[in-house]
Amino acid sequence: MSEKQSRGGEGEWMLEARQLTIRYGGTVAVDGVSLRVAPGEVYVLLGRNGAGKSSLVRCLLGLQRPARGQALLAGQDAWRARHRVLQRVGVVPEESDLPPALRAQVLAAFHARLYPSWDAGFVRERLERQGVPLDVPVSKLSRGQRAQLSLTLALGHHPAVLVLDDPTLGLDAVARREVWDSLIVELADRGTTVFLTTHDVAGVEGVAERVGILAGGRLLVDEPWESLRTRFRRVLLPPGPAAEAPPAGQRVVSRRETPLGWEVIVERFEPDGEGQGPAGALAMSLEDIFVAVTTAGNGGGVR
């Protein structure tokens with residue numbers, strides 16, 4: 001458990017979901033989800049399409065009322081106090097809501113009237129650094145420039161909480177990398193709490209401090225990235241009956257046959273006394289773990 005998570009007293013969480021359930025008619029989009037995000041932490045929420053990520057984000061921002069449970073933002077009920085607490089939050093939505101006919105300098109001036117703490121110098125400097133022209137309509141900007149403009153506007157009032165709902169959606173590989181690199185620089189200079197959803201699992205690995213994985217509206221994983229990366233391993237086994245049994249002391253998440261034998265994904269990985277594990281045990285990327293967890297049946301054992 002990280003130092004940030006170990007504090008955990010009442011009122012010390014910047015974002016909190018308490019047994020949240022969200023329904024659309026008879027469909028349950030989010031099913032009893034509880035999570036906490038500590039001050040200054042970067043929480044990355046992963047899930048396949050339809051897993052409930054955007055519904056959970058809207059609820060945490062007070063933009064949607066849960067069917068059951070409670071969402072807290074900066075220690076206050078997100079639904080009841082949204083007009084107050086959203087002053088402390090910067091948001092980059094999944095779908096850009098920037099008016100296509102407006103220019104960056106006009107949008108910045110509009111935001112300045114909404115936020116008393118607006119930092120016009122920071123906004124101008126960041127847009128120039130990211131190559132976003134101030135006097136060009138949004139419709140004429142590239143996808144990458146629009147993404148950087150949205151991120152800059154979200155950061156312009158120096159929010160305590162930054163919520164990013166798939167900020168690199170639709171960007172090419174170069175533009176995605178530019179967004180992540182610039183975000184890492186920003187986070188290094190601030191103590192901002194970040195709640196981030198994304199489909200770009202590989203790109204976000206260098207940002208994540210804590211990882212949640214949603215599947216079917218349920219939170220299957222919720223733990224620090226450093227803990228998660230040591231808990232899962234890919235074990236390579238030769239062909240034969242031995243591959244039918246899991247390696248000693250390990251729990252099998254998935255297995256598949258390859259031309260050279262069996263590839264088995266195990267959790268609850270326990271190294272031996274010399275810091276080693278089963279022969280052929282390989283570390284896994286966040287993307288590898290995400291795929292293993294979300295394709296392992298109903299995922300019920302991967303908590």
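This report walks through the salt bridges, a helix, a sheet and the pockets of the structure above.

The model is predicted, so a word on ground rules: local features need pLDDT of at least 70, side-chain atom pairs count only at pLDDT 80 or more, and totals for chains, interfaces and linings use all residues. Residues are numbered from 1 along each chain as its sequence is written, and side-chain values use heavy atoms, with hydrogens and water left out.

**Salt bridges**

Side chains of opposite charge can pair when their charged atoms come close. Here a salt bridge is a side-chain nitrogen of Lys or Arg within 4 Å of a carboxyl oxygen of Asp or Glu, and the count comes to 13. Helices (H or I, at least four residues) and strands (E, at least two) are DSSP runs, numbered from the N terminus.

| Salt bridge | N to O distance |
|---|---|
| Asp31 and Arg218 | 3.0 Å |
| Asp222 and Arg210 | 3.0 Å |
| Arg231 and Glu223 | 2.6 Å |

Asp31 forms its salt bridge with Arg218 at 3.0 Å. Asp31 belongs to strand S2 (residues 27-37) and Arg218 to strand S10 (residues 218-224), so this pair ties together parts that are 187 residues apart in sequence. For accessibility, buried means under 20% relative accessible area, exposed over 50%, and partly exposed in between (1.4 Å probe, protein chains only). Asp31 is partly exposed at 25%, and Arg218 is partly exposed at 42%.

In the salt bridge of Asp222 and Arg210, Asp222 sits in strand S10 and Arg210 in strand S9 (residues 210-215), twelve residues apart. Asp222 is partly exposed at 27%, while Arg210 is buried at 11%. Arg231 and Glu223 also meet in a salt bridge, and both of these residues are buried. Shared partners join Arg234, Arg256, Glu263 and Asp288 into one network of salt bridges.

Helix H5 (residues 120-129) has Phe122, Val123, Arg126 and Leu127 as its buried residues. Seen down the axis of H5, they fall within an arc of 125°, so they line one face of the helix; the arc is that of the directions from the helix axis to the C-beta atoms. Just after H5, Gly131 takes a positive phi of about 70°.

Four strands form an open sheet in the order S12-S13-S11-S14, with antiparallel pairing. Strand S12 (251-258) and strand S14 (281-282) are at the edges, each with a single partner strand, so one side of each has no neighbour in the sheet. Two strands pair if DSSP finds at least two bridges between them; strands S11 (residues 233-237) and S13 (residues 261-267) pair over five bridges. Within this pairing, Val235 stands opposite Val264 in S13.

**Pockets**

On a 1 Å grid over the protein atoms alone, a pocket is an open set of points where a 1.4 Å probe fits, with protein on both sides within 12 Å along at least five of seven lines; lining residues have an atom within 4 Å of a point. A volume is the space filled by probe spheres set on the points, which are joined across faces, edges and corners.

The largest pocket holds about 640 Å³. Its lining has 27 residues, and Val91, Val92, Pro93, Asp97 and His111 are the closest to its centre. H4 gives the most to this lining, with five residues.

The second largest pocket has a volume of about 320 Å³. It is lined by 19 residues, with Glu94, Ser96, Ala147, Pro167 and Leu169 nearest its centre. H6 gives the most to the lining of the second largest pocket, with five residues.
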